[in-house]
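User: Hello! I would like to learn how to read the features of a structure, one at a time. Could you take me through this one?

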Amino acid sequence: MSKDVLVTVENVSKKFCRDLKRSLWYGVKDVGSELLGSRHSRPSLRKGEFWALNDVSFELKRGECLGLIGSNGAGKSTLLKILNGLMPPDRGRITMAGSIGALIELNAGFNPILTGRENIYINASIMGVPKKRVNQILDEIVDFSGLENFIDTPVQYYSSGMKVRLGFASSTLVIEPDILLLDEVLAVGDARFRAKCYNRIGQLREHAAVVFVSHTMEQIAHICDVTLFLEKGNMAHFGSVSEGIQKYFKTASDTDAEKDAFETIEYPLKSAQLCFDRLEIRYGDTINLVAEFENHQAMPGALVRIPLYDANGVGVAEWDSQRVGKVIDLEQGRNVVHISLGPLCLKRGLYKVGFVLNDATGIRLPYWSFKQHVISMDGPVHGIAPYQLP
Amino acid sequence: MKNLTLMKPTQTKPEKLRRVVYTPESQLRHPIRLFRLMLHDLIASRELAWRFFIRNLSAMYRQTLLGYAWAFLPPIATTLTFVFLNANKIFQVSETTIPYPAYVMVGTLLWQVFIDALNSPIKLLGSARTMLAKVNFPREALILAGVGEVVFNFLIRLILLVIVFVWYQVKLPVTAWAAPLGILMLIAMGLMIGILLAPLSVLYQDVEKGLAVFLGMWLLVTPVAYPLSTKGLVGRVAQLNPVSPLIVGTRDLLTIGTLSQPGSFLWTGGITLGLLLLGWLIYRLAMPHLIQRMTAS
């Protein structure tokens, strides 16, 4: 299949106004200048305005999937709305070739008093799909949603999971667009349904150019070929998926680092210092850690645990001195402990390190370093789970 | 801006792809393209408009016990009010060509069609806020669905009119067949004002609130419950009132068989249609700018 370019975004910018009343008034003025057949672009910021998107450019071919990532308020949904034709850009231009299908808000057209079946037709209509087509695949839609027994009940009696399933089923099965826009709608509902969702999106992906917005990096890594990382409306990165995700985590963790991390030192410990031989490693590497302690009093039979946390703060790996059989006897004065952590069979990403030092009873906690050190795992290994079996 | 081709997933798409370009420029700079797009959307919105129409209607009446009877009650109430006031000489009018209750009923129904058409774009845009903010669909469909509702409600009330006419043994003149033209013009005028106000109502809720007040007053200076006269302040305002010729003209067609004011009837109608098209254009140009500023849920 020829790789034709379906989406071309050139230097697109969009501004918003923070103040409600002023924003409404600007709306009136914008309409006025539209009616007067106004000039080309609106390059300057009026009072209260800011650039929600600033000079964004990229191209997308059929069969490619772009992951749009960034923290909240970075401008992702704005870009998606402009691509969907809901609002015009304030600078630049966008060319879209072919039909556009958007899965942005799946329940938007639903009327809760009507039944699920009736709402399927409504959703299809809103997406421009003729009734004949819906009739052809109605059974498939009902089957996909898993709502056979409830399809003729008013939607207001559905649970939120059911609504979401109906929304997804009625939106994705009826369209075969050239350009697909997805806004965080992927994989909702229970595990079985999510698998169906992934499959369907995979099908649509083969023949479309896809723009996918998500906060879940696993999904992005799974599905996308290229990422666009937006930071306060600016293109901070466009290119490889792994790099984009790295940059995203870096900024996310930078802001959290001070909040999260802490260190506590108590008697009989006087001071402690951790030294890693390196913090940027590749899959399967081993890190050597040198811990220096200064004790007021001896601590024989000390226990050390070193947990590793992923970017979501979930513990994914742990080193336990008792389990591996390393004896740590701390004497009065200066102590140096060598610990080797590895092989680290983790997927790429950032991992924060904790260090817990207990006395022999396991009750007293003379030293605890929480997330003060960050290991950056590089290289091509990525996947869904943090621990990647060797 | 959307045109879905439904093909089996295994086929490639050799045909030329439809291109859409988004720029900050006003769409008026490319009038031919704009015109073609408007026509395309109007046609594309047929089925969607029908779906909205059915959806709104079913939803509205499904939750009521009295069902469609609710379409009857407002006109009956208004008519009874005026009949009562007239009978007790509180509100006095000159002689009417047909019995007063029937006269008022006709006027009330025509007025009701007008304000229904006026309110419909505003009401529908309000209730479709979430959809407008998130989904790209031809917005003409909302307007058309509204027109459908207005016509539907009118047809139900027509039954009421037939009953009243039969009761009072009013004979329909030959010109009654031309009355639908007048009704269409009333709908067009209401729609035109509604479409012009709708974008503003999306931003400012003053529009809806103010409209309710204003329409109440407007009723009193329209020859609905009384014949048109040139005397007095009310009479003079009623003369200037653009809705008057349409109401008077349609009523004449239904009652006396000739137009008492043929000139103003016809050219008011003509201007209305022109302004309606202008309203459609403005609506279309304005909506994208307002969507981003709407308070959506």
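Analyst: Gladly. Let us begin with contact: two residues are in contact if their C-beta atoms, placed from the backbone, lie within 7 Å. Helices (H or I, at least four residues) and strands (E, at least two) are DSSP runs, numbered from the N terminus. In chain B, B:P245, B:L246 and B:G249 of α9(B) meet B:S264, B:F265, B:T268 and B:G269 of α10(B).
This is a predicted model, in which local features need pLDDT of at least 70 and side-chain atom pairs count only at pLDDT 80 or more, while totals for chains, interfaces and linings use all residues. Residues are numbered from 1 along each chain as its sequence is written, with chains lettered from A and ligands numbered from 1 in the order in which they are written.

User: By class, which residues does the contact of α9(B) with α10(B) have?

Analyst: Ala, Val, Leu, Ile, Met, Phe, Trp, Tyr, Cys and Pro count as nonpolar, Asp, Glu, Lys and Arg as charged, and the others, Gly among them, as polar. The contact of α9(B) with α10(B) has three nonpolar, four polar and no charged residues.

User: At what angle do α9(B) and α10(B) pack?

Analyst: Axes are lines fitted to C-alpha atoms, for helices over the stretch in contact, and angles run from 0 to 180 degrees between N-to-C directions. Helix α9 (residues 243–255) and helix α10 (residues 262–291) of chain B pack at about 120 degrees, their axes 8 Å apart. Therefore α9(B) is oblique to α10(B); angles under 35 degrees count as roughly parallel, over 145 as roughly antiparallel, 65 to 115 as roughly perpendicular and the rest as oblique.
Handedness comes next: a crossing is left-handed if the near helix is turned anticlockwise from the far one by less than a right angle, and right-handed if clockwise. α9(B) passes α10(B) in a left-handed crossing.

User: What elements does chain B have?

Analyst: Chain B has 10 helices and one strand, and from the N terminus on the order is β-α-α-α-α-α-α-α-α-α-α.

User: How many residues of chain A are in contact with chain B?

Analyst: 54 residues of chain A are in contact with 48 residues of chain B. On the side of chain A that touches chain B, α1(A) gives the most, with eight residues. By class, that side of chain A has 26 nonpolar, 17 polar and 11 charged residues.
The crossing of α3(A) and α1(B) is left-handed. A:Y121, A:I122, A:S125 and A:I126 of α3(A) make the contact with B:E47, B:L48, B:R51 and B:R55 of α1(B).

User: In which sense do β4(A) and β1(B) pair?

Analyst: Two strands pair if DSSP finds at least two bridges between them. β4(A) and β1(B) (residues 19–22) pair in the antiparallel sense over four bridges, and A:M96 has B:V20 as its bridge partner in β1(B).
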